[in-house]
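Me: Please go through this model with me, taking the aromatic residues and then the ligand.

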Amino acid sequence: MKVCGYAAQQPKTPLSQFEFERREPRDFDVVIDIQYCGICHSDIHQVNNEWEGANAFFPMVPGHEITGIVSDIGAKVTRYKKGNKVAVGCMVDSCRKCNPCINSLEQYCVGGGPVLTYNDEENIDGKKITTHGGYSNKIVVDENYVLSVPEGLPLDKAAPLLCAGITLYSPLMHWKAGPGKKVAIIGLGGLGHMGVKIAHALGAEVTVLSHSLKKQEDAKRLGADKFYATSDPRIFHTLAGYFDIIINTVSVNLDSNKYLSMLTLDGAMVLVGIPENQMQFAAPILVGSRRSIAGSSIGGIKETQEMLDFCQKNNITCDIEKISIDKVNEAYKRVLNSDVKYRFVIDITNSLKCNNK
Ligand code: NAP
Ligand code: ZN
Ligand code: ZN
C-alpha cells in the first residue's frame, strides 16, 4: 500500500516529505492508522548516523513511539480488531526462538537481534525490506509486536511511553526500585522525566541530577524528592556513597567516576543513554564498594504491556509538547539544546498530508 511520511534522505540532512510503500497485511499483520509519534533522542542519533559501528539505512523514516487505531487486520489475527487503540515501540519482530525471545526479552534477541521499527531490515517472504517508523501515516506490524493502549490513557501523552517509558520502567523493575531505595536519575529529558514519575510511583526516594538548576521546580512537580545541579562540584562530595541505583539517561559522555562514587555498597549505575563516544572509568571506584556499572535496553513486549497497564493504574502519562510534522527539524534542534518539556509528540493525523490517502 502507498503511504507517506517524513524521511532523512542522507545522514545529517533535514527531514522532508517522502512517499513509500508498505506491505499489504499478511495473515498475522495489523494495519495501524498512526495518530501520534514521539520524538526520541535516538531518532536524532540515527538520522545523524552517529553511533559507533552504525550503518544506517537511508532514506530513513524515524519514529518508534507510535500510537494509533487498527484500520485493518490479516485473516488470522486474534489479538486485535478494527478500531482498537494500539501502540508500537522500538521493535517489530525478533527470531522468536532464542533464549531471550522465549523468556520475553526480545530486545536482547540473539537470533539476529530484534528487528527495529526503523533503520533496520525485516525478512518478508524471503526478501529483505528496510523498516520505516512512525513519522508516517500507517504502519503494518505482526500482532505479536503490537501493544494495547489501556482505556483512559490518551494516545498523544501515551506515545512516548513506548520508548521513554519502558526504557526506564525496565531497569527500575530489574534493580528493584521501591520503598527504602534511593534512586538517582541523571538528565531530566524525555527518558529522565519518565524515570522520575515511575520511580516515585514505585515508592523509591527519587533524586534528579541535572546539569543546571533550570528544571528544579519541574522535577519536584514530576515527583522528585531531591534535585541537584551537577554544575556545582560540591554535590559529588555531599552525595558520595548515597544511592542504591543511578540511572544515567544522558546522551553525551559524563565523567563516570564522579557519578560512580555516589553509589553505596553494592549500588549500580545503569546506562540507558547511548553517547556517541566510548566511556571510561577507574576500576578502584567499582572494586572498593562492590559497585557495578550496567546497561539496559528498552523492554520486552510483555514488560512493555505491563508498563502501559502500570501507567494507567498510577495515572502516569508523559509531559508533551505537541507539534505538527513540518516542525520536526526545529524540534530536533531544541532537543539537542535540552529545550523540551519533556517530549515532542508529532500530531500525525492533523498535520501529515499524504497525496495517496
Ligand atoms: P533527551 O530528551 O535529549 O534527554 C537527555 C538529557 O540529558 C537532557 O534533557 C539533559 O538533561 C541531559 N543532557 C543533554 N546534554 C547534556 C550535556 N551536554 N551535559 C549534561 N547533560 C546533558 O534525550 P532522551 O530521548 O531522553 O534520550 C537520552 C539518551 O538515551 C539518548 O542517548 C538516547 O539515544 C538514549 N536512549 C536509550 C534507550 C535504551 O533502550 N537504552 C532508549 C531510548 C533512548 P538535564 O538538562 O537535566 O541535564
Ligand atoms: Zn527511543
Ligand atoms: Zn530471538
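Me: Are Phe236 and Tyr259 buried or exposed?

Reply: This is a predicted model, in which local features need pLDDT of at least 70, side-chain atom pairs count only at pLDDT 80 or more, and totals for chains, interfaces and linings use all residues. Residues are numbered from 1 along each chain as its sequence is written, chains are lettered from A and ligands numbered from 1 in the order in which they are written, and side-chain values use heavy atoms, with hydrogens and water left out. Relative accessible area decides the matter, with buried meaning under 20%, exposed over 50% and partly exposed in between (1.4 Å probe, protein chains only). By that criterion, Phe236 and Tyr259 are both buried.

Me: What kind of aromatic pair do Phe236 and Tyr259 form?

Reply: Rings of Phe, Tyr and Trp (its six-membered ring) pair if their centres lie within 6.5 Å, and planes under 30 degrees apart count as stacked, over 60 as edge-to-face and the rest as tilted. For Phe236 and Tyr259 the centres are 5.2 Å apart and the planes make 90 degrees, which is edge-to-face.

Me: Why is the pair of Phe18 and Phe20 stacked?

Reply: Phe18 is buried, at a relative accessible area of 17%, and Phe20 is buried too, at 8%. The ring centres of Phe18 and Phe20 are 5.4 Å apart, and the pair is stacked because the angle between the planes is 15 degrees.

Me: Which residue lies over the face of Phe236?

Reply: A charge sits over a ring if NZ of Lys or CZ of Arg is within 6 Å of the ring centre and within 35 degrees of the ring normal. Over the face of Phe236, at 4.6 Å from the ring centre, lies Lys258.

Me: How far is an oxygen atom of ligand 1 from a polar side-chain atom of Ser210?

Reply: A polar contact is a pair of N or O atoms within 3.5 Å; within protein, one must be able to donate a hydrogen and the other to accept it, and residues adjacent in sequence count only if both atoms are side-chain atoms. An oxygen atom of ligand 1 is 2.9 Å from a polar backbone atom of Gly190, and an oxygen atom of the ligand is 2.7 Å from an N or O atom in the side chain of Lys215. For the polar side-chain atom of Ser210, the distance to an oxygen atom of ligand 1 is 2.5 Å.

Me: How much of the accessible area of ligand 1 does the protein cover?

Reply: Accessible areas come from the Shrake-Rupley method with a 1.4 Å probe, and for residues only the protein chains shown count as cover. On its own, ligand 1 has 910 Å² of accessible area, of which the protein covers 89%.
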